[in-house]
Amino acid sequence: MNYDVDGLTTAEVNERLAAGLVNTQKIDPSRSLASILRGNIVNLFNGVVGGSFLLLILVGQWKDSLFGFALISNLLIGIIQEVSAKRTLDRLALLNQPLARVRRNGETIDIRLELVVLDDLLELRAGDQILADGTVVSSTGLEVDESLLTGESEAVIKAAGDSVLSGCGVVAGTALVHVTAVGLDTYASRITVEARRFSLVNSELRNALNRLIKWVTWALLPLMLIIINGQVQTVGGWGSVSNTGWVDVIVKSTSSIVAMVPQGLVLITSIAFALAAVKLTRKRVLLQELYAVEGLARVDILCCDKTGTITDGDVAFDAFHEIQAPPVGAQSAMVVLGLFAHDTNANSTAAALRGGFDHIPVPVDSSIAFSSVRKWSSVTMGRHTWVFGAPDIVFDSSQAHAFAHSRAMEFAEDGLRTLALAVSTDGVAMETALPSNLQPVALVTFSERVREDARETLDYFHQQGVDIRIISGDNPATVAAVARRAGLEVGDAIDARTLPTDIDALAEILENHRVFGRVTPEQKKHMMAALQSRGHVVAMVGDGVNDALALKHADLGIAMGSGSAATKAVSNLILLDGRFSSLPGVVDEGRKVIANIERLSRLFLTKTVWAMILAAVFGIALISFPFLPRQLSAIDSFTIGIPAFLLALLPNSRRYVPGFLRRALAFCIPAGVVSAATVLAVDFAIRVDGTWALAESQTAIALLLGMTGLWILTTLSFPLTPSRIAILSCMLAIAAGLFLIPPIADFFGFATLSGAQLVPVLLAGLAANALIAVISRVVDLRMSANPVR
């Protein structure tokens, strides 16, 4: 096909602009602000607590509305974190080259990316990023790095008529490219659009909390009706309630309703994840979603790309293998390799020799720079012409070259890139022809440079029981060699072109093999699904566009900071400095959060259980609820709120064990029943006695719940450490201050109890605590003997 090398005219450009044939990538935001607000605010859980808060404010009972501030804090943390993640996602565009170089009206101009139109002529030079899909019109040694799209580490030579894809980089040469696809029609954009579709990381903690909220919400609906009716009946019934009576009904009903909702558990979980995110950011790990910190602690298979992930993407000099000495009078092979290494036109492979071979100035008569078309370079000194290039080009099929050729094949099978050094005394090299009678002198091997921290990090995961899979678009032998150097037991490397499409058959192969080469982006995605079908929790680490779909479909997607913007956009966390060694720190933070939240859930859920029982009993019995909302806030402060926040920050390296919700409920339900039964017994005794003032009875119940709450806090703090003992001591001091310091006690409505009143309350509390201690011990023993897997 013939193209006008002058490019489009202004009129032709304007026609395409008017038709919308432009390179804008109008990818919808990963999640709209309205969707974020709706997801965090609009649910029955928030409606009940928020409605209770507003109702108390409207009737002037601000002292009893302290619980509302926990709700507001929870909403702000969740919304701010998600909005921040949304902005990060939308800011990361696939293409990071701001200007395109195009030829229009016979002139070369620089324009913004979005102004490139269909049929434009792009001028490409070394170092450019290709900004739209196209067809090469003319090429002068154009070499394109497609590793971000294919995973193949070798540059690809492009001639006239070949296709080039957006997102790739120009390694060498120049070219004119006719634009055939722009905007969302480009290959890279199609991958990005699918990958950027919003989804939350799979989180057991979040799933468990969502189930809890759902259960509590459904239980609230009938219980609220029972509570409200019961409190109305205590002030004269529906037909004769005074204004003052309605205020009393609202306060008492709110006290019961709010006590049932474990809003603090959601808050402390959000805080724990937010603080972990801040801590990891200081370590150059960016969390795109709060719950991603939990993900890596749950992973049992870690899948890694090779190029740019296990390796740093650069070629490293491996070894010098002498075949035979050079002819008499010729320079040494070391000097010649130094010339090739330090030549100003040296490609990246030859430049990798600079650390091993010094530059010794010697007279050079002529030289030919390396080209991927020829696959060799040369230098002539006197009557000796040296050639440095691909063994299959430099060596022929003669017997003189047979040994060197076989050695080169052996190195290639080991995954090493090999170049041959040969010398001739029969003429000089030409641009299109090698000199005759080349004598093999040496083979030089190169390897992809494995990241310094790759072996250490992969060893860590192996010790933690996490299996590793290396998945790459590169040659299987090369992938296997890199994996061995990273410390993995490789076994047989699998060529993905032979893999089945059936998900079960694919899963079986993935269970038994660790290294896979020639894997396409679609295959990587199917591999994630196959492993997940076997019950595995899978993390994927990658850096290229070819990894984006796999990262999106893995349970946890991890992007290298040096990777493509599309890959970072769809990942759950980003290693900003590209250091593998950051991952164990993520595991530690995840374990701390999971273990501490499971521990603290006992506090919150036990309160929910006893609150529901009390609400049902007092509502059905048509008697007044035994404490005020402000008193509940006071008890919560030293038994749950403050200690939960402090304990959530303490180290906890316990390995992740599935079944968080089951273990939590196994303790909370019986412990909540004991607490409720004790409150009902004491309240019944007080009502039968008939001599207690209302403030005294409310104080007695509050004191009883404070005792059981502090004891539950103590049981979950074992084994006691100096920091935990300090926290418990502080909570005990706060409790004493709330009940004993007159201004504070008056604010919360606490009365001073006589000795005769105090003794039975303390005895009841001690009996309840003894039963709770037994429950805790039995549950811990049962769970340790039968962990859920």
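Here are some questions and answers on a helix pair and the salt bridges in this model.

This is a predicted model, where local features need pLDDT of at least 70, side-chain atom pairs count only at pLDDT 80 or more, and totals for chains, interfaces and linings use all residues. Residues are numbered from 1 along each chain as its sequence is written, and side-chain values use heavy atoms, with hydrogens and water left out.

Me: How are α22 and α24 oriented to each other?
Reply: Helices here are DSSP runs (H or I, at least four residues; strands are E, at least two), numbered from the N terminus. The axes of α22 (residues 583–621) and α24 (residues 660–689) come within 7 Å and cross at roughly 40°. Angles under 35 degrees count as roughly parallel, over 145 as roughly antiparallel, 65 to 115 as roughly perpendicular and the rest as oblique. So α22 and α24 are oblique.

Me: Which residues make up the contact of α22 with α24: how many nonpolar, polar and charged?
Reply: For the sorting, Ala, Val, Leu, Ile, Met, Phe, Trp, Tyr, Cys and Pro count as nonpolar, Asp, Glu, Lys and Arg as charged, and the others, Gly among them, as polar. The contact of α22 with α24 divides into 19 nonpolar, four polar and five charged.

Me: How many salt bridges does a search of the whole structure find?
Reply: Side chains of opposite charge can pair when their charged atoms come close. A salt bridge here is a side-chain nitrogen of Lys or Arg within 4 Å of a carboxyl oxygen of Asp or Glu. Searching the whole structure on that basis gives 16.

Me: Is E123, which forms a salt bridge with R125, buried or exposed?
Reply: The closest N and O atoms of E123 and R125 are 3.7 Å apart, and R103 is linked with both in a network of salt bridges. Buried means under 20% relative accessible area, exposed over 50%, partly exposed in between (1.4 Å probe, protein chains only). R125, at 40%, is partly exposed. E123 has 12%, so E123 is buried.

Me: Where in the chain does R534, the partner of E508, sit?
Reply: The closest N and O atoms of R534 and E508 are 3.1 Å apart. This pair links distant parts of the chain, 26 residues apart, with E508 in helix α18 (residues 503–512). R534 sits in the loop between α19 (521–533) and β19 (538–542).

Me: Which helix holds both K525 and E522?
Reply: Their side chains meet in a salt bridge, 3.4 Å from N to O. K525 is buried at 15% relative accessible area, whereas E522 is partly exposed at 36%. The two are three residues apart, about one turn, in helix α19.

Definitions and conventions. Axes fitted to C-alpha atoms, helices over the stretch in contact; angles between N-to-C directions.
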